[in-house]
Amino acid sequence: MSTAIHFKYEIVRTFRNRIFYAVTLALPLVLFYAIATGQRSATQDGVSFPLYFMTAMAVYGAMFAAVSPGARLARDRSGGWTRQQRITPLRARTDIAAKVVTAYLIALPSVVLVFLAGVSLGVRLDATQWLELGGLLLAGLTPFIALGIVLGYLLSVDALTPAIGGVVVLFALVGGVYGFQLAHSGPLFDVMKAIPSYWLVQAGKTAFGGGGWPAQGWIVIAAWTAVLVGAAALAYRRSAARG
Amino acid sequence: MVDNNAPAGGIVLSRLSKSYGQVRAVRSIDLTIAPGETVALLGPNGAGKTTTIDMILGLTHPDAGTVSVFGRPPAAAVRAGWVGGMLQTGSLLEHLKVRELVTLMASYYPHPLPVADVMRLTGADEFAGQLTTKLSGGQAQRVRFASALVGNPDLLVLDEPTAGIDVAGRHEFWQAMRAVAGQGKTVLFATHYLEEADAYADRIVLIAHGQIIADGPATEIKARAGSRMIRATLPGIDLAALGALPGVVSADRHGDAVLLSCSDADTALRALLGSFPAARDIEVRGGSLEEAFLELTADEETADAVNVHATAGAVAAGGPR
């Protein structure tokens, strides 16, 4: 029994879905150049606009990458393959672990490409800053991977596509991914600070400040991850009970 | 047994029941399958075959009763790699080639068969490099069979394995199946083709309306078919009393009508009239298996009666050997 083969073919499947892969990589790049090219010398929240928006688009692309295993899960489920899989010794958690790996294999090149685009518009950071920025972004994705899996177990393929798109856009909007922040103080700001995508956007600012996330950022990401992993386990049981 | 762990005890279903809303899909089924047996679950669509199979595989939880697969609950037997299954519905995993999919399935099991051998046996090697989404129905069915087989399970469960395959493909499928069953595996397959059940199973379990209505070696089922049937309108009589009449093998009820399967119809008819003078609308007929099947599985009270008859017609078209 080898889980390595399951991981291998889950990765093969991801990269064979070429159109999906290309769109996921291209969308944040296109948005970045379309919006940031004309505002190279502008500033936003005290940092240069290209840097701010580069982080935002890296977050945006990475969020779509993160929820993508959920879409694959829904397709496997609706096609009936999940039932076939359940009558083999493969454990559901192995399948989910493989899907988490593929999420990062899409997110990583997506983030790197957006960084390169940032460099092409004059963003300059030193090596430790790039690593810290990239590292925080990937760490901040965990709740979104879990969210995709929850939706993948609960929704049909037809319902999933708009649901995932809507959820990502909503999180992006509230988190300030699109380049503007809904509030800078007050109750709405408190809500924003409890949303994981806010901390993904903050990763950009904290990275060049050199400080990383404050404790609140790590707590928000960890709490969302814990809750959504629990929800994914419940959603799996519900899905299995329905056959 | 092929598995080193040598599971024992076969498959035991005990008072197994499952309802979906108002529909009682499976009604208190008792069934024991010995290791190495090849058993056909024969019945029309909607008889409860798939629900029964899903409970054996652990995909569906019974409302009541138990399933034991080689002495373990289904989920544990599945985890141990003792079970391989071919489900009736479901597409194959996307974005993989046929050989990759069979390799993937093999990787889940502790003692798989060589992928190349299984590909050859099932004929899937002819399109090994094709993507799973670009296969014909018959090809996909062969891949499903290869996927069920490659894990080298002790129990193979096949839900209508030849559905959607042409006649030549069916023949090839059953030849491969025979080679597998010959290796001492326990095989349970569902079908609504009498011909398949008769030709390829050691034993036929006839199922209708969620109940087992006949269970025995194929020859015995056929012998039963050679007997005569008495049908009479006789409301409110205890079936056990009817079954105990001389010459009667079994008794069944459909609404106000009773159906007596007889080893000696003359004796049975005399006894029936002597003991139950209220019996009327009496018919005696020579029962072919098709006819028995039709009688036993038809139910005028259900809304899908037309469907049941249509399926029974398909069975009749299969014909006895």
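Biologist: Which strands of chain B does helix α5 of chain B lie across, and at about what angle does α5 run to β5(B)?

Modeller: Keep in mind that this is a predicted model. Helix α5 of chain B covers residues 137–149. It lies across β5 and β6 of chain B. Its angle to β5(B) is about 170 degrees.

Biologist: What is the order of the strands in the six-stranded open sheet of chain B?

Modeller: The pairing in this sheet is mixed. Its edge strands are β5 (83–86) and β9 (211–217) of chain B, and each pairs on one side only. Neighbouring strands are turned by 15 degrees against each other on average, direction ignored. The order is β5-β6-β7-β3-β8-β9.

Biologist: Do β6 and β7 of chain B pair in the parallel or the antiparallel sense, and which residue is the bridge partner of B:Val157?

Modeller: In general, strands of a sheet pair through backbone hydrogen bonds, either parallel or antiparallel. Strand β6 spans residues 155–159 of chain B and strand β7 spans residues 186–191, and five bridges link them in the parallel sense. In β7(B), the partner of B:Val157 is B:Leu188.

Biologist: Why is one side of β2 and of β4 of chain B left without a neighbour in the sheet?

Modeller: These strands belong to an open sheet of three strands, β2-β1-β4 of chain B, with antiparallel pairing. The twist averages 20 degrees from one strand to the next. β2 (23–33) and β4 (64–69) stand at the edges, so each has a single partner strand.

Biologist: How many bridges join β1 of chain B to β2(B), and what is the bridge partner of B:Leu13?

Modeller: Strand β1 covers residues 11–20 of chain B and runs antiparallel to β2(B). The number of bridges joining them is seven. B:Leu13 has its partner in β2(B), and that residue is B:Leu31.

Biologist: At about what angle does helix α1 of chain B run to β1(B)?

Modeller: Helix α1 of chain B is made of residues 49–56. It lies across β1, β2 and β4 of chain B. Its angle to β1(B) is about 120 degrees.

Biologist: Now the two chains. What area is buried between chain A and chain B?

Modeller: The contact takes 25 residues from chain A and 28 residues from chain B. In chain A, A:Arg16, A:Trp81 and A:Ile87 lose the most area to chain B, together 27% of what that side buries. Carbon and sulfur atoms give 59% of the buried area. That area is about 2,700 Å².

Biologist: Which helix gives the largest share of the side of chain A that touches chain B?

Modeller: Nine residue pairs are in polar contact across the interface of chain A and chain B. Helices α1 (3–16), α3 (49–79) and α4 (81–86) of chain A each supply at least two residues of the side touching chain B. The largest share is six residues, and it comes from α1(A).

Biologist: Which residue of chain A forms a salt bridge with B:Asp54?

Modeller: Side chains of opposite charge can pair when their charged atoms come close. Between chain A and chain B there are three salt bridges. For B:Asp54, the closest N and O atoms are 3.1 Å apart, and the partner is A:Arg83.

Biologist: How many residues apart are A:Glu10 and A:Lys99?

Modeller: The side chains of A:Glu10 and A:Lys99 meet in a salt bridge, at 3.3 Å from N to O. A:Glu10 sits in helix α1 of chain A, and A:Lys99 in helix α5 (residues 92–120) of chain A. The pair links distant parts of the chain, and the separation is 89 residues.

Note on methods. Residues are numbered from 1 along each chain as its sequence is written. Chains are lettered from A and ligands numbered from 1 in the order in which they are written. This is a predicted model: local features need pLDDT of at least 70, side-chain atom pairs count only at pLDDT 80 or more; totals for chains, interfaces and linings use all residues. Side-chain values use heavy atoms; hydrogens and water are left out. Two strands pair if DSSP finds at least two bridges between them. Helices (H or I, at least four residues) and strands (E, at least two) are DSSP runs, numbered from the N terminus. Axes are lines fitted to C-alpha atoms, for helices over the stretch in contact, and angles run from 0 to 180 degrees between N-to-C directions. Contact means heavy atoms within 4.5 Å. Buried area is the accessible area (1.4 Å probe) that two parts lose on being put together, summed over both. A salt bridge is a side-chain nitrogen of Lys or Arg within 4 Å of a carboxyl oxygen of Asp or Glu. A polar contact is a pair of N or O atoms within 3.5 Å; within protein, one must be able to donate a hydrogen and the other to accept it, and residues adjacent in sequence count only if both atoms are side-chain atoms.
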